[in-house]
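Q: Could you walk me through some of the strands in this one?

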Amino acid sequence: MNKTFNIIIVGVGGQGLITLNNIIARAAFYEGYDVKTSELHGLSQRVGSVETHIRFGKKVYSPLVINGTADLVLGLEITEGLRAVKFLNPKTVFVVNNNYISFMENISKKEIEEKIKLPVGSNLRLILASEICKKELGKEVVSSIYLLGYCIFKNLIPLKPDSVLKAIKETMPEKYLELNKKAFNLANSND
Amino acid sequence: MGKNKKVLLGNEAIVKGALEAGVSFVSGYPGCPSAEIGDEFGKIAKENGIYAEWSVNEKVALEAAIGASFSGLKSLVNMKSFGINVCSDSLFPLAYTGTKAPMVIVVADDPSCWSSAQTEQDSRGYAFLSHIPMLEPADPQECYEFTKLGFEISEKFNTPVILRITTRVAHQRMPVQFENFKKENRVFQKGEFIKDYKRFSTMPPRVLEMKKELLEKIEKIKQYAEKSKVNKIESPRGPTPGKLGIIASGVAYLHVKEALEKLNLDLPVLKLGFFYPLPEKKIKEFIKPLKKVLIAEEVDPYIEKEIKILAKDENLKAEIFGKDILSEIGELNQEKLALALAKILEIKYIATLEYIATLKYIATLEYKTPKIIDSNLPNRHPQLCSGCPYWLAFSAIKKSAPEGTIFGGDIGCNMLAGVSPHNIQDYLFSMGSSIGIGHGIKKSTNQKVIAIMGDGTFFHAGIPALINAVYNKSNLLVFILDNRITAMTGLQQNPGMGKTGMGEDSPMLKIEEIAASCGVKNIKVIDPVNFKELENTMKDFLSKDEVSIIISRRICALLAKKQQNE
């Protein structure tokens, strides 16, 4: 990998963005990459829009991804996925959980879907991660790990499944480990 | 990859550095983006023979550390930007007395105000005001190294050292190389306060002697800074295009490096690890061969101003760029730096319109603008969590307050009173100010005032304001949202909980008893689930001639969930 790989994770505060950010950073480090991430805590975390930045490669200085320069946008919620189109360039892949957390403004999910399809086009992967995890594992909360699994097994993030699993083990509390490993591997079996 | 390398958050790296330096006394007040420092110490203190506390506010936190330092214990104080305003009253005399055992004070600013109301404060100015050395790390590796260096400088010169970080440093992760460190003594070792009036008491006329000693000390530290490796010059391999050099501090240095790579430029860079005192000789030596210098610093132009004075005094002819190109508002990034460099060097650079708009003026160059798509979505503002007891309390306040009531806002989760659907906030300033300002409005008008404040904020700065209101015969209504914890910053213990920062049992202080002893006559503690009672009490108290207080008491929903999982 010659170029620095830029990931943006977006979602709503409380969806586990920081954990995901931490897992990817650790996995990149295990593979010998230099890595920098940036995240936000506090007020911005209270059910508001949250965005974390991850960059890995040979040598990385800044922890921030500039608009129009993301290689991958990982959206844990569809409205927040739409909000992240500012990071888009013609090559950016969008992996978005087709899950809608409504807020004050009256916009329908269908409208959001149409709005995000327009600019992202064929690079958009809308995944029913919440539904799949609920059905298969009985827990919606691991949908972010499922999405991460999807990105890894589809080679949308240039990291190996083993390093990510090792990072999951390092990051997750013991009692949730099995469930998260299952969610990660589920993305390999589900096509 | 050595086994002593781990991905760490900036704040985690500070804890690691402090542990290695042998810190044994930690105090602070939780704020964003510094809270994880105190959280982490709370967890690991006992097993490492350290004493750690969440203090009631930053002033007492600093004072506790001063006591520890005078008694021979190495200390670390942690706070967010506004914390330094609160503790400054004791910070300034501390520069005069100096420390006995070393002390590092971590102050975390929040450029772009990601998690801060109040102001976009640049706390670096306090270094000039107080004459306290200040170091500025750019990333977690430097957080670790500069914390250790801070203790070293403090030990060598008997001065506190401020470690100034920002959100993008505190909440940045990267692989950090550190030493395999094992603490030998895992039992908390007490010190001894040895009396030394001349040293610890700032009584005049001694105070002016102390000032003289302080200024002499700063001169010595300046010499030290001149030789320090953390102020480093990176020379280009070839000739310098446009004879342009860059002086960078903090996280702006990372953006500079990234921008240079992007533009394929090799320029000399002076990276300043010291903000105060500045290594003037090194700066002069750096500027001398240059025709142009860009100062890359976030928010206020402190370094730029210092360097402009220096250049004038030394008759250096280089043209100095800074806030004439880079905005004083908001954080920087590599794109803003790349644009600034392209502008100064008059080279073509394709940038996005959005970033061009952040430049103060645009050169005669033409910029092509790649298309950035805007989602045009309305903002998803921060909100109360689902199940938060404040939903009920806000709703009761809104329902029972007569038209025209003034709602005073305060800091913490309760400040969400200002957003939709609540919209009950007519002013918002600083910790405790809902009562202080509310009292002033009450005295100046015939309008009704409700000051809305959380439990943590009440303990922090609400009590003197409450006493003032009672003493000066106000009749505002103080509405305390007591959710049994300091929630916004990530669930930290406070005096109302009966638990210390290290998780030990302690006396549970009751807000109603404090209010009673402050002379408040109308006091009621209500569970907001009893909505009707809350409404009726509000109506009753709003018609009183004295100060009234309602304590709406129900546990934070996140805390309740956490306790269930434990």
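**Strand pairing**

A: In β8 of chain B, B:Val176 is the bridge partner of B:Lys6, strands being DSSP runs (E, at least two residues) numbered from the N terminus. This is a predicted model, where local features need pLDDT of at least 70, side-chain atom pairs count only at pLDDT 80 or more, and totals for chains, interfaces and linings use all residues. Residues are numbered from 1 along each chain as its sequence is written, while chains are lettered from A and ligands numbered from 1 in the order in which they are written.

Q: How many bridges join β1 of chain B to β8(B)?
A: Five bridges join β8(B) to strand β1 (residues 5-9) of chain B, and the two run antiparallel; strands count as paired if DSSP finds at least two bridges between them.

Q: And which strand of chain A pairs with β8(B)?
A: Strand β2 (residues 34-38) of chain A does, in the antiparallel sense over two bridges, with A:Thr37 opposite B:Arg173.

Q: Why is β8(B) largely enclosed?
A: Because five of its six residues (172-177) are buried, strand β8 of chain B is largely enclosed by the rest of the structure. Buried means that 20 or more other C-beta atoms, placed from the backbone, lie within 10 Å of the residue's own.

Q: Changing topic, what is the order of the six strands in the open sheet of chain B?
A: The order is β16-β15-β17-β18-β20-β19, with parallel pairing. Its edge strands, β16 (427-428) and β19 (522-526), each pair on one side only.

Q: Which residue is the bridge partner of B:Ile406 in β17(B)?
A: That partner is B:Val449, and strands β15 (residues 406-409) and β17 (residues 449-454) of chain B pair in the parallel sense over three bridges.

Notes
Buried ≥ 20, exposed ≤ 12 C-beta atoms within 10 Å, placed from the backbone. Helix = DSSP H or I, 4+ residues; strand = E, 2+ residues; numbered from the N terminus.
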